[in-house]
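Hi everyone, thanks for coming. Today I'd like to walk you through the charged pairs in this one, so let's get it up on the screen.

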Amino acid sequence: MAALDSVVQHVALAIAAFTGIYNFALLVAGAVRLRRADGSLRGQLRWTHSGPVPLPPGWSVFALVPCLNEERVIANTLRCLLDGQPGVRIVVVDDGSEDGTSRIARAVGGGSITLIRRTPPAVRQGKGAALNAGLGAVRAHVAKEGLDPGRVLVCVLDADGRMTPGAASRVTELFEEPAVGGAQLAVRVRGRNRWALRLQDLEFWALSALTQFGRVATGTVSMGGNGQFSRLSALDQVGTRPWSDSLTEDLDLGISLAARGWSVTSTTHAFVSQQGLTSPRRLLRQRTRWYHGHMSALTRLPELWGRQAVGILGRIELTGYLLVPYVVTLPSSVVQHYLLLRALSGGGNGMLRLVPGPVQLDVLAWQLLTLTAYLTSALIYWRRTDDLPAWKALCWFPAIMVCTYLGFAAGWCALWQIVTRRRRWAKTEREEETPLTVEAPTTAGTRAKPSAG
């Protein structure tokens, strides 16, 4: 056992070193960038109550909204787009819905949207296929109107997504830099009065958002499926079908853009909100799909390192990001419990010790290190949000462990699917939403502004 104990200790130290160098460095860099941009970690929230902003002259933005049985949410999403993003043209792609999605989209959007109804056998082949179909309509509009693809942005918005008012206009500022090919908005989860949704918001709004802002420095911000913007000329360079059939077509697109020398960035002047999941089964299924796509993307490392267009810092950062499931998530799930069991069984006397004394005291010291990390996460989240007092954030921090174990479970489920060559694209299910009300206009061309949540 001594030899195995030694191996496990060295693996644990390697995990700690990787986490400290990669994850912690990005978190700190993101916090510094956010404070410089908005004055505080909470400053980004002010855009929730901002007003609609017209698109700058010379810019065109098309919003692709892929739908599959989205009658529960599509009306609110389209209202928010029409009222909060003036000038943005909307393309709804109905990927074979069996409910009233298309009917509701027509009723809400009228002649203001382009509705594409896909039919068998081309339907339900994944989100990437639906987005590529919508992109065909965008390219047709661009060609017909003689628009410059370098000044056309394609926004991907999930059927439950709500961007802050004027988000599309503010994002165009990022693309004034010619090297920028993509941008990703930070994400909030609505309905944060429920514990599962609060935990998902903590994960997206605090930890993920800050590390994403840290990745701005290397131009390798990870593309997400909601609130994603791409320059049309960059998509054209990727190919006729830029979104792949990967289970994480968004991550795959980001890698494709980086491989061709485009940078992907983010902004603190807008964000997007979405529903979360309350069912443990659905949440695990969603995260398993994410991990499956993330872990499968490791095969693209040779492409990244073989292309001179990718900067060295970008290659290093993307490599670290793609390795996280393999060098942190999966090993941690084994090492953490091995060390704990060896210590509690009294067989860990020869193992790495943090404090002298009984083994149980050393176990407590190790656990305190973990709890300190959870406590730090809770405090960061408190500084990022305006709807949770400090004492409640402190009460929440032990529950953050749920996110860790969810990652462990999803990682192993994804690995099993990869090994057994099982691949299934499972759509995230939505909850029924209360319809957003739109007040009668007080002046010509003025409409009420639904909240982004």
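So, salt bridges: the count here comes to 23, where a salt bridge is a side-chain nitrogen of Lys or Arg within 4 Å of a carboxyl oxygen of Asp or Glu. This is a predicted model, where local features need pLDDT of at least 70 and side-chain atom pairs count only at pLDDT 80 or more, while totals for chains, interfaces and linings use all residues. Residues are numbered from 1 along each chain as its sequence is written, and side-chain values use heavy atoms, leaving out hydrogens and water.

Take Arg118 and Asp95, whose closest N and O atoms are 3.0 Å apart. Arg118 sits in the loop between strand 3 and helix 4, and Asp95 in the loop between strand 2 and helix 3, so this pair ties together parts 23 residues apart in sequence. Helices (H or I, at least four residues) and strands (E, at least two) are DSSP runs, numbered from the N terminus.

Are these two buried or exposed? Both Arg118 and Asp95 are buried; that means under 20% relative accessible area, with exposed over 50% and partly exposed in between (1.4 Å probe, protein chains only).

Now Glu98 and Arg124, which meet at 3.6 Å, N to O. Glu98 is exposed at 68%, and Arg124 is partly exposed at 38%.

Next, Glu433 pairs with Arg162 at 3.1 Å, N to O. Glu433 lies in the segment after helix 14 and Arg162 in strand 5, so the pair links parts 271 residues apart in sequence.

Finally, there's a network of salt bridges linking Asp252, Arg260, Arg300, Glu303 and Arg307.
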